[in-house]
Amino acid sequence: MLPIIEEKLKLLPDRPGCYQMRDKDNTVIYVGKAKNLKNRVRSYFHGAHNAKTTKLVSEITDFTYVITASELEAFVLEINMIKEYDPKYNIMLKDDKTYPYIALTNEDNPRLIVTRNQRKRNFARYFGPYPNVRAARTTIDVLNQIYPFRKCYNIPKKECLYYHMHQCLGPCIHKEKLDYSSYKTKVSSFLNGDAKEVLDDIVSRMQEASENLEFEKAKEYRDLKIAIEDTIAKQKISINDLTSRDYIGIYNDEDDISINIIITRHGNIVQNHQTIINKYDSLEDETINYLIQFYEVNSKPKEICFKAFDAELLSSVLGVEIYEAKLGKKKEILDMANDNAKFNLENKRNIYRNQVLKKLETIEELGNLLGIPTPRRIEAFDNSNLYGEYPVSAMVCYINGKPAPKEFRKYHIKTVVGANDYESMKEVIYRRYFRLLMEEGEFPDLIVMDGGEIQVHAALDVLGSLNLSIPVMGIQKNDRHKASKIFFEETLFDLDKNSPIYLLLADISQRVHDFAISFFRSNKAKGLFSSMLDPIPGLGPKRKEQLLTYFISIDHIKEASEEDLKKAGMPEPLAHTIYEYFHKQKEEKM
């Protein structure tokens, strides 16, 4: 059993949910539901199985899951995810097992029907799917008793019993167009979860029948009430409209931010995206930055349901309506996204706790390999620039084998001109450890350079000039920019890719690289942004920073009104100057 699976199995919750088994390419190969995720998922990796299940398990390298409030929700989510992922081991369900919907037909005289086909053009709206088929049919019977929709498939030439029972408006005898709009609205509201009006009416009738000693009729009303509650009370997995909508859940601690995005299309949940990012900046900035990048590479929905920090800003950047749901099914799905975000981060914490001893063993092994004391504090460096432009460097710190984001540092390269990695690294190493000398700060047990011999020698030269003796090693990369060897004391050490040391160093290398690249991109964006604003008189660096923070892109500033510019913090005369500058440019191009 792979270590990652072994760790995750220990932390499975005793809760219902839907799980996704993944292969080495992170492709979903099986989707299942569970009344108890812990018991169900663990059963795959313990005990004997038949040949087909054994084959499935042999291909599993990881698994993910979504916690739901009930087994019924897990059931419906399973259906939607199978349709979305088309996993190769869900043959039976994928091929011929579908669940029915309640449909309101798009006819002059509409009907309520149960259908398994979502493709028919004369269906105006769909509600479902409904795993409990009997309850769905019973619900239609109830609605047909309360609301006078057409009951017959073909309209007859004379009225039938339903008309005389006031359960049909009688399109067969009324030649004028009948108005069903209020009934459509009430039925849609009911099937979207707002059942209070109907249930109150049924309870009232049940009590009236009971008081009149009509116990048989009271029992019928009671059964109808139970059927309705069974059908809709737990159906928050599917929102019964066709709007594409994402629900974003956020949970954070001091070090990390957990983001859970529940993706719905045509009213059904089709995917669940989970990620945990490091918190280098404020919660708001890190989250918005991640979401902007996420929707650059993923399709944007029509709406985003999210307790946003600045919904107006994010909405203008993404071009998507953003709001926080506070009532109904949308709130329930948003709560589910937040619940999963919280659980994912707490799960990660537990994994870290379980791996603390393994981390300590790993850094002890690294110390033994290099012939140095156990490096409990490791600091790693990397540079980034674009042909010498916007040069930056970054340092990440690991304590007892675990990232310590509060200790991470960013550096603007100040003294080096052009793309000179050797001199840039010397500058940063000098600034870092000269400052620690002056402040009597804590020095690392090991310095790691994200590079080979050149970077190591640059660091050693500077440390020697400061009379500091700190071990320095380099992580040499292969053609695919992956860690492959250790350079230490003029010796190259091969790395076993399955060893804990390799996994630790690969994590350090990737993290410092990502941190440096992120800082570089931020500076590049600000530099390009500022240069376009340089000709505007009276616009200094601080005002440019305000505009960058508020508008994100130069295009948004070009389109901004004077009122928008004042909202961004620009004084009225300067707002007028900026507006006139871009307005004049636009006229010259015309």
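**Exercise 1.** In which helix is Phe434 found? Classify its exposure as buried, partly exposed or exposed.

*Solution.* The model is a predicted one. Step 1: Phe434 belongs to helix α14, which covers residues 421-439. Step 2: the relative accessible area of Phe434 is 33%. Step 3: buried requires under 20% and exposed requires over 50%, so Phe434 counts as partly exposed. Step 4: for its position relative to Leu466, 32 residues apart from Phe434 along the chain, the C-alpha separation is 7.3 Å.

**Exercise 2.** Describe the pairing of strand β4 with strand β5, and explain why β4 is largely enclosed.

*Solution.* Step 1: β4 spans residues 101-105, and β5 spans residues 112-115. Step 2: the two strands are antiparallel and share 4 bridges; they make a hairpin, with 6 residues between them. Step 3: within this pair, Ile102 is opposite Val114 of β5. Step 4: the side chains of β4 divide into two sets, with Tyr101, Ala103 and Thr105 pointing one way and Ile102 and Leu104 the other. Step 5: both sets are buried. Because 5 of the 5 residues in β4 are buried, the strand is largely enclosed by the rest of the structure.

**Exercise 3.** Give the strand order of the open sheet of 3 strands, and locate its edges.

*Solution.* Step 1: the order is β2-β1-β3, and the pairing is antiparallel. Step 2: β2 (28-34) and β3 (62-67) each have a single partner strand, so they stand at the edges and one side of each lacks a neighbour in the sheet. Step 3: from one strand to the next, the twist averages 20°. Step 4: β1 (residues 17-22) is joined to β3 by 6 bridges, and Met21 is opposite Phe63 of β3. Step 5: helix α4 (residues 71-85) lies across β1, β2 and β3, and runs at about 170° to β2.

**Exercise 4.** How many residues does the largest nonpolar core have, and which helix gives the most to it?

*Solution.* Step 1: the core has 49 residues. Step 2: Phe381, Ile429, Tyr433, Met449, Met473 and Leu505 have the most contacts inside it. Step 3: helix α16 (residues 500-533) gives the most, with 8 residues. Step 4: take Met473 as a case. Leaving out residues up to four places away in sequence, Met473 touches several residues, among them Leu370, Val448, Met449, Phe487 and Leu505.

Conventions: Residues numbered from 1 in each chain as written. Predicted model: local features only at pLDDT ≥ 70, side-chain atom pairs only at ≥ 80, totals over all residues. Heavy atoms only, no water. Buried < 20%, exposed > 50% of the residue type's maximum accessible area, 1.4 Å probe, protein only. Pairing = 2+ DSSP bridges. Core = buried A, V, L, I, M, F, W, Y, C linked by side-chain atoms within 4.5 Å. Contact = heavy atoms within 4.5 Å. Axes fitted to C-alpha atoms, helices over the stretch in contact; angles between N-to-C directions.
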